[in-house]
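Hi,

Here is the two-chain model I promised to pass on.

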Amino acid sequence: MIILVTFMFCLIFCASIGVITVFDLYLYNQPLLTIVKANVSFQRGTSQWMIYSVLLVGFCYSIGVDYRVRKNKKTSKSS
Amino acid sequence: MKNILVEKLSLWQLFILIFIFEIGSAAVVSTGNDAKQDAWIALGVAMIFGLGIGLFFHFLLSRAPGKNLFEIFQLCLGKWMGGALIIMYILYFIYIASRVLRDFCELITSFIFEQTPVEFVAITMVVVIIYMLYLGIEVMGRTSEIFIPYFFSFIIIIGIAVFISGEMEFTNLLPILGEGIKPVVKAVFPQLLTFPFGELIAFTLIIPYTSEFKKSKKIILLAVFASGLILIYNAILQIATLGVQMRARSNFPLLSSAREISLLEFIERVDLIVVFIVMYGIIIKVGVFFYGALKGLELLSKRPYRMHVVPLGAIITFLSVKISDNFAEHIEEGLIVVPMFLHIPFQFILPLLILPILLWKTKKSKEGRE
């Protein structure tokens with residue numbers, strides 16, 4: 001698979017959010033949607049923009065890695 | 001698999017990594033509170049079980065020489081079932097790394113940088129860990145070699161300094177086993193057994209890369225024993241200085257104890273020494289769990305783990321903040337959910353379930369060779 005790093009990034013991220021959602025559901029007995037929203041949504045007026053930026057950097061980096069791998073494969077095939 | 005570097009750790013580096021890893025966050029947050037003034041006894045008992053846990057993990061690895069835990073899963077369960085189990089372990093390692101990171105962030109923002117957001121502390125720490133892991137586990141081992149004298153001597157010095165300051169009240173440790181053995185047992189099972197000793201499971205991904213695997217058994221035992229002694233020393237220091245009630249109420253008892261130090265009315269506020277101990281402990285602990293998750297991704301994606309370092313670091317940073325809204329929630333999750341639903345299955349149940357399959361498979365292959 002060519003987009004493996006990006007795929008893994010998305011898979012692990014979604015699964016991790018799933019894990020913390022399950023634990024919150026167990027502890028707080030709130031509706032699922034409320035907990036998912038709280039875990040994913042960006043709270044304005046806080047410094048959470050920093051971690052969202054880092055997440056974006058991680059995502060862009062993984063795309064960059066996949067692009068580089070694909071490019072290297074193409075070059076090696078053509079040569 | 002291409003461009004995958006084979007890294008080797010010396011036995012001394014392995015010893016240091018296990019030693020710092022075990023002390024890591026266990027020295028910061030109060031452990032064994034259920035045993036009250038007998039917390040040090042509970043730690044001693046847990047240390048003995050910890051030696052057994054270390055032996056068990058080593059035995060598991062010795063059945064399939066050169067293979068790490070994830071490779072053993074694939075050997076026993078095949079590509080798909082093994083792969084599913086590996087993903088579960090990756091999630092476990094990431095979750096625990098995020099929790100450990102959050103411990104440190106809370107300590108820093110509560111005591112040292114009160115105006116600094118948790119997010120900023122988490123990002124700076126992860127950047128350091130990403131850099132370290134990008135250069136390889138060997139670099140982490142070598143860095144630990146440099147810092148171990150400071151790490152060790154600072155822990156000892158804190159105890160001596162509190163004692164000289166006259167803040168220690170050894171009667172706080174009495175009565176010994178006043179309420180019988182029950183509180184000790186309650187503290188050991190499952191809390192102390194899983195944290196910090198059961199967390200040695202992360203080393204099943206590092207031990208196969210030591211230069212001399214055969215000798216690593218002794219090193220594991222020595223490291224667990226040494227770290228257990230330091231944890232007992234810490235518990236005695238905290239109980240004698242703060243008393244049982246204060247220790248239980250304090251979020252970071254070692255820091256609270258260190259704040260009592262006052263030598264010659266001149267040497268005071270030595271919090272930074274504790275912060276150094278904690279910071280390095282956390283770097284190693286997060287680094288080892290992070291490395292475990294990376295090795296899993298390397299095996300699944302068949303790409304060098306370095307490609308995944310930055311993306312996974314970003315996820316750990318994000319989770320460390322999102323894992324809970326405040327410190328009370330963080331501790332509640334750590335006491336209720338994590339030991340029962342994560343630590344026990346991933347540290348004991350799953351490896352124990354794998355063991356008979358591994359024994360059968362390795363026996364079969366041995367017979368085939370003969």
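One definition before anything else: the radius of gyration here is taken over C-alpha atoms, and the globule rule is 2.2 Å times the number of residues to the power 0.38. This is a predicted model, so local features need pLDDT of at least 70 and side-chain atom pairs count only at pLDDT 80 or more, while totals for chains, interfaces and linings use all residues. Residues are numbered from 1 along each chain as its sequence is written, and chains are lettered from A and ligands numbered from 1 in the order in which they are written.

Chain B to begin with. A compact globule of 370 residues would have a radius of gyration near 21 Å, and chain B agrees at 21 Å. Its C-alpha atoms fill a box of roughly 70 × 45 × 35 Å along the principal axes. There are eleven helices and two strands in chain B (both are DSSP runs numbered from the N terminus: helices are H or I with at least four residues, strands E with at least two). From the N terminus, the order is α-α-α-α-α-α-α-α-β-β-α-α-α.

Buried residues account for 50% of chain B (buried is 20 or more other C-beta atoms within 10 Å of a residue's own, exposed is 12 or fewer, partly exposed is in between, with C-beta atoms placed from the backbone). Of the contacts in chain B between residues at least 6 apart in sequence, 82% join residues at least 24 apart; a contact is two C-beta atoms, placed from the backbone, within 7 Å.

The helix to look at is α7(B), residues 216-249. Its 34 residues would reach 50 Å as a straight helix at 1.5 Å a residue, but the end C-alpha atoms are only 39 Å apart (the expected span is 1.5 Å times one less than the number of residues). A kink of about 105° is centred on B:Gly243, the bend being the angle between axes fitted to the seven residues ending at a residue and the seven starting there.

B:Phe189 and B:Pro190 are joined by a cis peptide bond with omega about -5°, and B:Pro190 sits in α6(B), residues 182-194. Another cis bond joins B:Phe195 and B:Pro196, with omega about 15°; B:Pro196 is in the loop between α6 and α7 of chain B. B:Lys36 has a positive phi, near 50°, and lies in the loop between α1 (11-23) and α2 (39-63) of chain B. With 18 other C-beta atoms within 10 Å, B:Lys36 is partly exposed.

Now chain A, which has three helices and zero strands. Its radius of gyration is 17 Å, well over the 12 Å that the globule rule gives for 79 residues, so chain A is more spread out than a compact globule. Buried residues come to 23% of chain A. Mean pLDDT (the predictor's confidence in each residue, from 0 to 100) is 90 for chain A, with 96% of its residues at 70 or more. A:Asn29 has a positive phi too, near 50°, in the loop between α1 and α2 of chain A. A:Asn29 counts as exposed, with 8 C-beta neighbours inside 10 Å.

Finally, the interface: 25 residues of chain A are in contact with 29 of chain B. On the chain A side, α1 (4-28) and α3 (49-78) each supply at least two residues, and α1(A) gives the most, with 13. That side divides into 19 nonpolar, six polar and no charged residues (Ala, Val, Leu, Ile, Met, Phe, Trp, Tyr, Cys and Pro are nonpolar; Asp, Glu, Lys and Arg charged; the others, Gly among them, polar).

Cheers
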